[in-house]
Amino acid sequence: MKQVLLVRYAEIHLKGLNRPYFERMLVDRMRDALQSIHARIEREQGRVFVYDIPEDRIAEASEKICGVFGVHSVSPALCVEKNWEAISKAAISLVASDADKPQSFKCFAKRSDKRFPMSSEQICRELGHTLLETYPTLSVDVHHPQLKVTVEVRQQSAFVFTKEQRGVGGMPVGTNGKAMLLISGGIDSPVAGYMIAKRGVELAAVHFYSYPYTSERARDKVIELTKIVSKYAGEIELYLVSFTEIQLAIYDQCPSSETTVLMRRLMMKIAERIANQCGAKALITGEAIGQVASQTMDSLACTDDAVSLPVFRPLIGFDKEEIVERAQMIGTFETSIQPYEDCCTVFVPQHPVTRPKVEQLRASEALVDFEPMIQQAIANAECMKISQFVLD
């Protein structure tokens, strides 16, 4: 009798002939998450099993796996021989060790190996009888049991468990290409990155800073936010780009009401070039319609006009409360609200344009030769690889 983790996935089941590829990618991402634990991972018939985990790290390993995109749920299980005595002993042991001391239970069984002499119904009936004899204070509740005792009989072994921890779902990172996240120090962009990574997209990220108008603490805050997102998305290449020269040129030589949208256009241009260099096929922003002046439909159209790559905006229909709830869920909120300004909050116009025209924005942008500044900003960009998995 040995402890293992039984891992389920959901959406991958729909992938038909491509399913083995997605399963392999899921296992690779799980190995990344567990690299400090050095466990053994195996696939078998729609399940992934994690073996050889030190007993004192079972809970830690389960928590890490639940944060891997593609995982539906995880159950700490006892792996036993495929005979009735071993299965019943495992079930009795799990009920005895349950800290909540349940008063009611229900048995579930799944028999993948049809050679096993007992049907699923027989397993449930006999196991229920055994548990009632062993623990007279227990009762059966088929509708709302306090404890669910589950047996899975598979090709090599049987697995018995009573707990199920929900995973984050989605698709394994790396199965749907790579995209570039424009990450600020705010609440929205880390959530946007998380949501796109959940669809199997590998992330790179770019952050624009305006030293000395923004502090080193603001820069450190973005690094910390990227680190938190990498807990789910895996290693992220973070590009730190100085935007001061471009921002001052916009402020000094372009119409003041258009400065915010012009800054967004220049950021998108730089992000697109870095994306092309690192193999990213799309840009990601945390914009939501109507949240601020630069996020009206007209402003977003002017921003998109600056680039040819597709722009993903997973928060486009969210209100602020919904975004805050997501940020709290993934653990970025407390870092995001630290009071360190980013370059988007510097030089904000008193009366920003809310209905800009693409032709007018192009004309205003042409007032300044930004190309040398763009090239210099990219050439001087600092790149670091951020990984929560490695840091653990």
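Buried means under 20% relative accessible area, exposed means over 50%, and partly exposed lies in between, with a 1.4 Å probe and protein chains only. By that rule histidine 38 counts as exposed, because its relative accessibility is 64%. Residues are numbered from 1 along each chain as its sequence is written. The model is predicted: local features need pLDDT of at least 70, side-chain atom pairs count only at pLDDT 80 or more, totals for chains, interfaces and linings use all residues, and side-chain values use heavy atoms, with hydrogens and water left out.

Start with the whole chain. Its C-alpha trace spans about 85 × 35 × 35 Å along the principal axes. The secondary structure comes to 14 helices and 15 strands. These are DSSP runs numbered from the N terminus: helices are H or I with at least four residues, strands are E with at least two. Of the 392 residues, 53% are buried. A contact means heavy atoms within 4.5 Å. Among contacts between residues at least 6 apart in sequence, 81% join residues at least 24 apart. The chain exposes about 18200 Å², and carbon and sulfur atoms supply 50% of that area. Accessible areas come from the Shrake-Rupley method with a 1.4 Å probe; for residues, only the protein chains shown count as cover.

Return to histidine 38. It sits in the loop between α1 (19–33) and β2 (40–44). Most residues other than glycine have a negative phi. Aspartate 52 also has a positive phi, near 60 degrees. Its place is the loop between β3 (47–51) and α2 (58–66). Aspartate 52 counts as partly exposed because its relative accessibility is 49%.

Next, arginine 8 in strand β1 (residues 2–8). Arginine 8 is buried yet has no salt bridge; the nearest side chain of opposite charge, glutamate 164, is 4.1 Å away. A salt bridge needs a side-chain nitrogen of Lys or Arg within 4 Å of a carboxyl oxygen of Asp or Glu. For charge, Lys and Arg count as positive and Asp and Glu as negative, while His and the chain ends are not counted. The arginine 8 side chain does make a polar contact with the side chain of serine 73, at 2.9 Å. Such a contact is a pair of N or O atoms within 3.5 Å; within protein, one must be able to donate a hydrogen and the other to accept it, and residues adjacent in sequence count only if both atoms are side-chain atoms.

Elsewhere the salt bridges number 30. One joins arginine 29 and aspartate 32 (3.2 Å, N to O). The two are three residues apart in helix α1, so about one helical turn separates them.

Another joins arginine 265 and aspartate 305 (3.1 Å, N to O). Arginine 265 lies in helix α8 (residues 259–278) and aspartate 305 in the loop between α9 (297–304) and β14 (311–312), so the pair ties together parts 40 residues apart in sequence. Arginine 265 is buried at 3% relative accessibility, whereas aspartate 305 is partly exposed at 27%. Arginine 362 also forms a salt bridge with aspartate 305, the closest N and O atoms being 2.5 Å apart. This pair links distant parts of the chain, with arginine 362 in helix α12 (residues 358–365), 57 residues from aspartate 305. Shared partners join Arg265, Lys269, Asp305, Arg362 and Glu365 into one salt-bridge network.
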